[in-house]
Amino acid sequence: GSGSGKSVLIKSMIGLIHPDSGSILYEGVESIGMNSQDRLQMLESCGYLFQAGALFDSLTVAQNITFFAEKLHNLNKKQCKELAKLKLESVGLSHRIIDLYPSELSGGMQKRVSLARAICTDPKVIFFDEPTTGLDPIMSNVINDLIIKVRDDLGATTITITHDMQSARKIGKEVAFLYDGKIVHSGKMAEIDKTENPELKQFINGST
């Protein structure tokens, strides 16, 4: 539910927020307290789709998509353009929008460009923070399908924060339910309706 700590959790995992206590392991290595060089090396294998997309208004679609990859791999302009076209295709967008700015795109297109940026470096782990927020049911379904597609194409681990049960059921294999800042249920998505946890039952049914 809202205010339960979903976004704080995912931002702590990626290192945008420094947790007060606890442990966050990435491939068996403690990430809390990492020096900047080690964290950057870890982030090289991660992608992140922000809730609001977080595209840079002053950059074109191509520049947004390759923003991190350009610096990581020292790409020239031609290489950036080709990479951006490839990633646009992978999220179902035409390369004709490559020189447009975010303000010239619809909300759904902005979200897909943000997804193209998140997968631009072929990450091993991709974080999705409320990927369907603000989208209509049809576009939400498109985004859900794309999340499944890029996960399978890249063989990546995906971690999605959402309160959209339809989205969670479609893209999730494992689920953890946060309540008041704590995980009160975790298990297989296929078995979620068998839960005896009262808070999760209430959330699934939408009861007050």
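Predicted model: local features only at pLDDT ≥ 70, side-chain atom pairs only at ≥ 80, totals over all residues.
**Confidence in the model**

The mean pLDDT of the protein is 86, and 99% of its residues reach 70 or more. Among the elements of the protein, helix H3 has the highest mean pLDDT, at 92, while helix H4 has the lowest, at 82.

**Helix H5**

Helix H5 is made of 14 residues, and the distance from its first C-alpha to its last is 20 Å, close to the 20 Å expected at 1.5 Å a residue. The buried residues of this helix are Cys80, Leu83, Ala84, Lys87, Leu88 and Ser90. When H5 is viewed down its axis, these buried residues fall within an arc of 150°, so they line one face of the helix. That buried side packs against four other helices, namely H3 (61-65), H4 (67-73), H6 (107-118) and H7 (137-154). On the face turned away from the buried side, H5 carries the exposed residues Lys78, Leu86 and Glu89.

Just after H5, glycine 92 takes a positive phi of about 75°.

Serine 90 belongs to H5, which covers residues 77-90. Is serine 90 buried or exposed? Its relative accessible area is 18%, and because buried means under 20%, serine 90 counts as buried. A polar atom of its side chain lies 2.6 Å from the backbone oxygen of lysine 87, and lysine 87 is itself listed with the buried residues of H5. If neighbours within four places in sequence are left aside, serine 90 is in contact with Ile119, Leu146 and Lys149.

**Helix H6**

Helix H6, one of the helices against which the buried residues of H5 pack, has twelve residues and reaches 17 Å from its first C-alpha to its last, close to the 16 Å expected at 1.5 Å a residue. How many of the twelve residues of H6 are buried? Nine of them are, so the helix is largely enclosed by the rest of the structure. Among these buried residues are Gly108, Val113, Leu115 and Ala118, and also the charged residues Lys111, Arg112 and Arg117. The elements that cover the buried residues of H6 include strand E3 (46-49), H3, H5, strand E4 and H7.

**Salt bridges**

A search of the whole structure finds eleven salt bridges, and three of them are set out in the table below.

| Glutamate 130 | Lysine 6 | 3.7 Å |

The side chains of glutamate 130 and lysine 6 meet in a salt bridge. Glutamate 130 lies in the loop between strand E4 (125-129) and H7, and lysine 6 lies in helix H1 (residues 6-14), so the pair ties together parts that are 124 residues apart in sequence. Glutamate 130 is buried, with a relative accessible area of 5%, and lysine 6 is buried as well, at 11%.

Glutamate 27 is exposed, with a relative accessible area of 59%, whereas lysine 124 is partly exposed, at 44%.

Aspartate 193 is placed in the loop between strand E7 (182-188) and helix H9 (198-205), and arginine 169 in helix H8, so the pair ties together parts that are 24 residues apart in sequence. Aspartate 193 counts as exposed, at 52% relative accessibility, while arginine 169 is partly exposed, with a relative accessible area of 37%.

**Alanine 168 in helix H8**

Helix H8 (residues 165-171) also holds alanine 168, which is buried, with a relative accessible area of 13%. Not counting residues up to four places away in sequence, alanine 168 touches Thr162 and Met189. The C-alpha atoms of alanine 168 and methionine 189 are separated by 8.2 Å, although the two residues are 21 residues apart along the chain.

Note on methods. Residues numbered from 1 in each chain as written. Heavy atoms only, no water. Helix = DSSP H or I, 4+ residues; strand = E, 2+ residues; numbered from the N terminus. Buried < 20%, exposed > 50% of the residue type's maximum accessible area, 1.4 Å probe, protein only. Polar contact = N/O pair within 3.5 Å; in protein donor to acceptor, adjacent residues only side chain to side chain. Contact = heavy atoms within 4.5 Å. Expected span 1.5 Å × (residues − 1). Arc of directions from axis to C-beta. Salt bridge = Lys/Arg side-chain N within 4 Å of Asp/Glu carboxyl O. pLDDT = per-residue confidence, 0-100.
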